[in-house]
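Open the model in your viewer and keep the selection tool at hand. The tour below goes from one selection to the next.

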Amino acid sequence: MAPPTNPNPADSSAKQSLEAGLAALKQQDYPTAIALLESLTQTAANGPSGIRAQMGLVTAYKATGNLKKAITLCSSLAKSPNTQVKTWADRALTELTPPPPPKPATNKPKSAETPPETGFVAFDAGTKSPKKSIGGDRPTADQKTGFLPFEPPAAPGNAKSPPISPPPPPPTGQTSEPENSTETAPDTEISGENSSAFPTDIPGFASPDTYQLTWRQAGRAKSPRPLKRLKLLDFRIQVLASTIALFFLARFVLQFLLTNTNSLLVQLYIFSRLPIFAPIQLFYRDPTPFVQMVFGLLLASSPWLIDALLKLFCGIETLRGSVLSKHSKEASRVLRSYCTKQNIAVPMLKLLPLNVPVAFSYGGLPRFARIAVSRGLLEQLTDDEIATIFARELAHISHWDFAPMSLALLVIQIPYLIYWQVAHWQERLCDLMTIEFFRSAVKFVAAAISATSYGIYKLLRWPMLWVSRRRVHFSDHTAAEITGNPNGLTRALAKIAIGIADNIEQQKQTSFFLESFDLLLPVGVGQAVTLGSAALHAPLEQILLWDVSNQERNWLTINSAHPLLGERFKLLALYAQFWKLETELDLANAGVQEQPRKGKFSLFKSILEFKDSKLFLQGAPFFGIPMSLGIVALLWLIGGIFSRTSIWLLDWLWGDRSIIWGCLPIGFSLGTFIRINYFFPDITPRETASPSLPEILSNPETLPLDAQPVRLEGQLLGRSGMGNWLGQDLILQTETGLVRLHYVSRFGYIGCLWQFFLKEATRPSDLIGKSVVATGWLRRGATVAIDLETLRSQEGRVSDSGHPIWSAVLAFAAAIWGAYIIIQGRR
């Protein structure tokens, strides 16, 4: 029954042979399947059809007991440059390879929770703990104040961790100190071609549609050797510098608001001659003493202020020690022993009645520190995993980074609460009004205040982002050293990410609590949205490959409050190897390559290589700003030369500062124009793809500049009403996970606000909860997002985004502004 041989793998005869072979495989007609697929592999071994035929043969050989042929063929597939095929082959080899004989217990310390090394792990092993109940229902609203809770009520979901399929066994032999491992780069270039060849119809092994997740339950160290000491002095100096930067930025923002408020009042007073619009004299004073006083009060009262904030919006309560011991006796022991060793008071424990698994520490001094954990974390994590999370929070307290982060949280909460509450109360106020003019006026004022406050919230996060990323690495390091359980911390962080994604799916939006407290959470919400949902459809090693392999990844985390999750897991795997433990995830040796030797002109070569790299084009608008200073230096040189001669027409260029200020926006404009065609390629139906989320995450070489036109279907999640007028919370729920959507009007955020007053316009928030088709450009960076072109519902309603047009408008405006500054000349 062998099909006719055809040298062309794309020929229809080859495709028919493949389909017939796979059909026979599914019907368990293994002799026919082997005959068809073997014939196909001889004629199209290297093409997509040949690869799928070889995968089918592995399954057929396994079913017929021919393990030798299956292992040989699988080993060949494991060398494929295609990441997904290689991952599939590695998992298949894990199931085909006989387990090694058990080693004596004295050679390798194992915890009581570690399962026997049989080579197989039960698919639900260790993922579900007994049902735990803490009591206390989630509040729906504060009856006295009317404030909304941070997290809206939702139907209770499955509180247990989803099962995970065991990844392949870890490589052996690396036991060196892992502290300097973060600067590694990939050892091979993995091609993203033929990514669609990932088998979704090969029975016998897990595919994205049939994948089930179990934990390997790797063990812990009984007597761990100390890891390399952290450089806490340098870290604390950097924390202090970031806090000072936050102070000056907050002062600048406040002074800007006060000055422009008075300028607006002056214009209104001139126009109306009404005393009510007279400028406020207090706003002309220097706000520095006021900001100093506010920062001091916020820092001194931070534990009680955050307590009040969480009590008002979440109904936080005290977590009794007996309740904690019921869920994790190890966490209670860690709290007592570590605080005694560090000579600090045991932090006050707080319980958040939320189903999402989170934990964080806050306060101004260790004596008044608090550790808050959610009900979901205690119910969804196991005893040892809860202990590792408590150890992380103790590390924040002992490192003293919890105090400035608590201050920063309170500072950014001021504009965030204004954004949230104004957006909420304007809807109630408009419902009470019957006159359309007043309704429109209230909407206009509320929209301006809400949007401005949200922008200030985003801006004030910037000074603390670097510290936030660095402190996470330090706390992971210390938690692993305290507990000797880096594998338990890996499982805990992964379950938190999965739980956050599950919470967003249940709530149908990102809760205000998750967004506003993102700085303090163990896992970033932006990362958890995609990675946490994709973890249910593909191995974590596969979806985290970008995090440990992409050479430009460190530059792309500048706007993130947390380091890449894959990098954190890789460091924890290195700690496990350092203690000669089996690793929970096989990331310790991922992305390693031999570093090139630095020569005499290495810096010059690095600059030239950077100029030709994708990253330079990716950041062209921002790199154009410092490059414009080179143009300024050239113009000043010309002016200086002409000022020394009798030619006086260009001597004005020498020392003219307006050239500096004018060239900065011009440099931004030129960089934007250079990048715009690469950033927004034409979207045509033939070139538009519909990849699954694991396929999107599996390519380790992509950058946001590699904009892939995509067309994805799913349900649109997000907030409704004015709270989402700027597109702050737009998430597409697909069959394989969650993807964030970026929306912007043709005229930027001002256009986003203006169009919502047009009744005929279709807003993205109008399509919340509906099945939609999102078309746009896929961006793969520290997080995954789609820059929207259109958002179309099943009813035919279309919301158009104008990101390319807005980029062009912004570039033109910057160029005109720069030219205007230069024309104005010296002042």
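This is a predicted model. Begin with helix α14, which gives the most to a nonpolar surface patch, namely three residues. To see the whole patch, select Ile414, Ile418, Phe444, Val445 and Ile449, which together make about 430 Å² of nonpolar surface. Then colour α13 (402–432) and α14 (436–483): each of these helices supplies at least two residues of the patch. Ile418, for one, lies in helix α13.

Next, select helix α12 (residues 383–399) and helix α15 (residues 486–507). Their axes come within 8 Å and cross at roughly 90 degrees. Angles of 65 to 115 degrees count as roughly perpendicular, so α12 is roughly perpendicular to α15.

Show side chains where the two helices meet. On the α12 side, pick Asp384, Glu385, Thr388, Ile389 and Arg392; on the α15 side, pick Gly488, Leu489, Arg491, Ala492, Leu493, Lys495 and Ile496. Coloured by type, the residues of this contact divide into five nonpolar, two polar and five charged.

Stay at this contact and zoom in on one pair. Which residue forms a salt bridge with Arg491? The partner is Glu385, and the closest N and O atoms of the pair are 3.1 Å apart. Side chains of opposite charge can pair when their charged atoms come close.

Methods
Residues are numbered from 1 along each chain as its sequence is written. This is a predicted model: local features need pLDDT of at least 70, side-chain atom pairs count only at pLDDT 80 or more; totals for chains, interfaces and linings use all residues. Side-chain values use heavy atoms; hydrogens and water are left out. Axes are lines fitted to C-alpha atoms, for helices over the stretch in contact, and angles run from 0 to 180 degrees between N-to-C directions. Helices (H or I, at least four residues) and strands (E, at least two) are DSSP runs, numbered from the N terminus. Angles under 35 degrees count as roughly parallel, over 145 as roughly antiparallel, 65 to 115 as roughly perpendicular and the rest as oblique. Contact means heavy atoms within 4.5 Å. Ala, Val, Leu, Ile, Met, Phe, Trp, Tyr, Cys and Pro count as nonpolar, Asp, Glu, Lys and Arg as charged, and the others, Gly among them, as polar. Patches are made of residues with over 30% relative accessible area and no salt bridge: like charges are joined within 9 Å, nonpolar side chains (Val, Leu, Ile, Met, Phe, Trp, Tyr) within 5 Å. Accessible areas come from the Shrake-Rupley method with a 1.4 Å probe; for residues, only the protein chains shown count as cover. A salt bridge is a side-chain nitrogen of Lys or Arg within 4 Å of a carboxyl oxygen of Asp or Glu.
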